[in-house]
Amino acid sequence: MAKLRYFDAKKPADPEPTLPAPGYTEFLRTGRINRDKTHWLAEERRYLTFEEVAERTAIKLRSAGETTHGRLNSFHQSIRFPKLIFHHTLRDTPHLGYCHVTAARTQFAQYEEVSWAFYIANFFARLGQNDNFFEDISLEYSRMYFAVATRPDEDAPKKKLTINRDVRGNGVLFHTHDPQIAIRNVLLLGARNEQLRDIIRQL
């Protein structure tokens, strides 16, 4: 795959000016050469480095994470999630990335207690079952929301979490492009009793 190049689109290229009569006619008519910059070629677009693109992506991801975390914690005083916001951009496509929003523990009927983490991504993809977690990345939707079960990675030299694939076969608790469904699912994971879950399900 060809390496992507990014240019700065914040400052759009100036519109093409309507040019006066060609320079040679002006010279024949007035005896002067017009050195106005509008006669020069337009300046080349400034291309961004991968680091600059990753920095811009990080700002957007963190902003989305902050906003979503605020919405989650404003729902009900008995449901509070820790703010654990950090991000990662994809190595060869730094305009794409995902943001960790929060993490907690919950109980399922068939599992005693499950640790989980909630993420937002600025792309949509299938969640794979191997080391390449994102498969078939698509820009059909501008956001993806998902939560995965987690466990300590015993093979890692440093303390690190990994996906607990013993839960539901692939570790995925939910996966959607709809922000309302995502918020409802996270609230269900954080609700402490069935009465509160019933209220959330009716949203």
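**A tour from the ring cluster to the pocket**

Start by selecting Tyr98, Tyr119, Phe123, Phe133, Phe134 and Phe146, which ring pairs link into a cluster. The model on screen is a predicted one. Searching the whole structure gives ten aromatic pairs.

Next, keep Phe133 and Phe134 in view. Their ring centres are 5.5 Å apart and the planes meet at 65°, so this pair is edge-to-face. Phe133 and Phe134 are both buried; for Phe134 the relative accessibility is 13%, which is why it counts as buried.

Phe134 belongs to strand β7 and Phe146 to strand β8, so the pair ties together parts twelve residues apart in sequence. Phe146 is buried, with a relative accessible area of 2%.

Then turn to the largest pocket, whose volume is about 1100 Å³. Which residues lie nearest its centre? They are Tyr98, Tyr119, Phe133, Leu161 and Ile163, out of 33 lining residues. To see the strands around it, select β3 (86-89), β4 (97-106), β5 (114-121), β7 (134-138), β8 (144-152) and β9, each of which supplies at least two residues of the lining. Coloured by class, the lining shows 16 nonpolar, eight polar and nine charged residues.

Finish at Asn170, in the loop between β9 (161-163) and β10 (172-176). Is Asn170 buried or exposed? Its relative accessibility is 19%, so it counts as buried. Leaving out residues up to four places away in sequence, Asn170 touches Gln129, Ile163 and Arg165.

Terms used:
Residues are numbered from 1 along each chain as its sequence is written. This is a predicted model: local features need pLDDT of at least 70, side-chain atom pairs count only at pLDDT 80 or more; totals for chains, interfaces and linings use all residues. Side-chain values use heavy atoms; hydrogens and water are left out. Helices (H or I, at least four residues) and strands (E, at least two) are DSSP runs, numbered from the N terminus. Buried means under 20% relative accessible area, exposed over 50%, partly exposed in between (1.4 Å probe, protein chains only). Contact means heavy atoms within 4.5 Å. On a 1 Å grid over the protein atoms alone, a cavity is a set of points where a 1.4 Å probe fits but cannot get out, and a pocket is an open set with protein on both sides within 12 Å along at least five of seven lines; lining residues have an atom within 4 Å of a point. Grid points are joined across faces, edges and corners, and a volume is the space filled by probe spheres set on the points. Ala, Val, Leu, Ile, Met, Phe, Trp, Tyr, Cys and Pro count as nonpolar, Asp, Glu, Lys and Arg as charged, and the others, Gly among them, as polar. Rings of Phe, Tyr and Trp (its six-membered ring) pair if their centres lie within 6.5 Å; planes under 30 degrees apart count as stacked, over 60 as edge-to-face and the rest as tilted.
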